[in-house]
Amino acid sequence: MELYNHLHICAAQGTKNGKPLFYIPKSIVLDKNKKIDIKFPTLCKRITACSSREAHQMILIPSVKDISLIRKYIKDDPVMLQEFIQHDGVIVKVYVADGEISATTRPSFKNLDHNADIVYFDSQRIPKSFEDIEATEDIDRIFLRSDPGGIHGHKEALLDKGKLQAIANSLYNQLGLTFFGFDVLLQSDTNAYFVVDVNYFPSYKDVDNFHSMLVRILKKRLSL
């Protein structure tokens with residue numbers, strides 16, 4: 001939740017053309033003794049270290065009536081619920097190295113309604129590119145794979161690299177990190193930018209020439 005607080009600070013401070021630079025989905029800690037004050041669908045995440053296996057096991061919950069179905073999964077572990085932002089099946093992965101950004105798009109969950117099925121998944125095993133998605137019933141049901149409307153290209157065309165850089169600068173100044181990544185969703189209909197996750201030193205395998213960038217940054221920091 002500390003990271004969530006950092007995001008709140010950045011979201012409150014950053015503006016562009018008089019509007020918030022980005023938004024963050026509402027999140028709450030699930031407490032059986034308190035009313036669930038959040039919109040559905042929601043994403044259920046464990047409140048645990050990001051390096052643990054359990055941290056990557058998540059649940060998409062379409063409706064409040066499905067809450068009882070997650071008890072077997074979460075047991076007594078503390079979890080948080082994050083409002084699911086409808087985003088047309090495209091997520092933007094942004095990698096930051098000493099303030100310099102690289103951005104790429106990946107397939108994500110299709111828009112959900114309250115009548116959808118509950119979905120259990122491991123965030124490390126979801127498809128990493130549109131070209132590599134294998135056709136299975138489960139994948140076709142929940143992920144954007146076939147794209148007859150050209151939504152993937154449309155979302156990429158809407159990306160404002162200057163805005164992504166401004167978000168990265170805000171997070172860089174707030175977190176004080178040299179290497180980090182963050183995930184952005186462009187909300188359906190409004191195209192508002194939602195930052196839904198921040199990762200400390202993510203995999204940079206999608207960033208061209210990262211090795212040379214890393215060496216250059218280290219030399220700079222060591223004044224070599």
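User: In which sense do strand S4 and strand S6 pair?

Analyst: Start with the general idea. Strands of a sheet pair through backbone hydrogen bonds, either parallel or antiparallel. In this predicted model, S4 (residues 42–46) and S6 (residues 79–83) are antiparallel, with 5 bridges between them.

User: Which residue in S6 is the bridge partner of Cys-44?

Analyst: Leu-81 is the partner of Cys-44.

User: What is the order of the strands in the open sheet?

Analyst: The order is S3-S6-S4-S5-S9, 5 strands with antiparallel pairing. At the edges sit S3 (27–29) and S9 (119–122), each of which pairs on one side only. From one strand to the next, the twist averages 25°.

User: Now helix H6. How many residues does it have, and what span does it reach?

Analyst: Compare the span with the expected value at 1.5 Å a residue. H6 (residues 210–222) has 13 residues and reaches 18 Å from first C-alpha to last, close to the expected 18 Å.

User: Which residues of H6 are buried?

Analyst: Buried means under 20% relative accessible area. Phe-210, Met-213 and Ile-217 of H6 are buried. Seen down the axis of H6, these residues fall within an arc of 55°, so they line one face of the helix. His-211 and Leu-222 are exposed on the other side of H6.

User: What do the buried residues of H6 pack against?

Analyst: Their contacts are strands S7 (90–97), S8 (100–107) and S10 (179–186).

User: Which residue takes a positive phi just after H6?

Analyst: Ser-223 does, with a phi of about 55°.

Notes
Residues are numbered from 1 along each chain as its sequence is written. This is a predicted model: local features need pLDDT of at least 70, side-chain atom pairs count only at pLDDT 80 or more; totals for chains, interfaces and linings use all residues. Side-chain values use heavy atoms; hydrogens and water are left out. Two strands pair if DSSP finds at least two bridges between them. Helices (H or I, at least four residues) and strands (E, at least two) are DSSP runs, numbered from the N terminus. Axes are lines fitted to C-alpha atoms, for helices over the stretch in contact, and angles run from 0 to 180 degrees between N-to-C directions. The expected span of a helix is 1.5 Å times one less than its number of residues. Buried means under 20% relative accessible area, exposed over 50%, partly exposed in between (1.4 Å probe, protein chains only). The arc is that of the directions from the helix axis to the C-beta atoms. Contact means heavy atoms within 4.5 Å.
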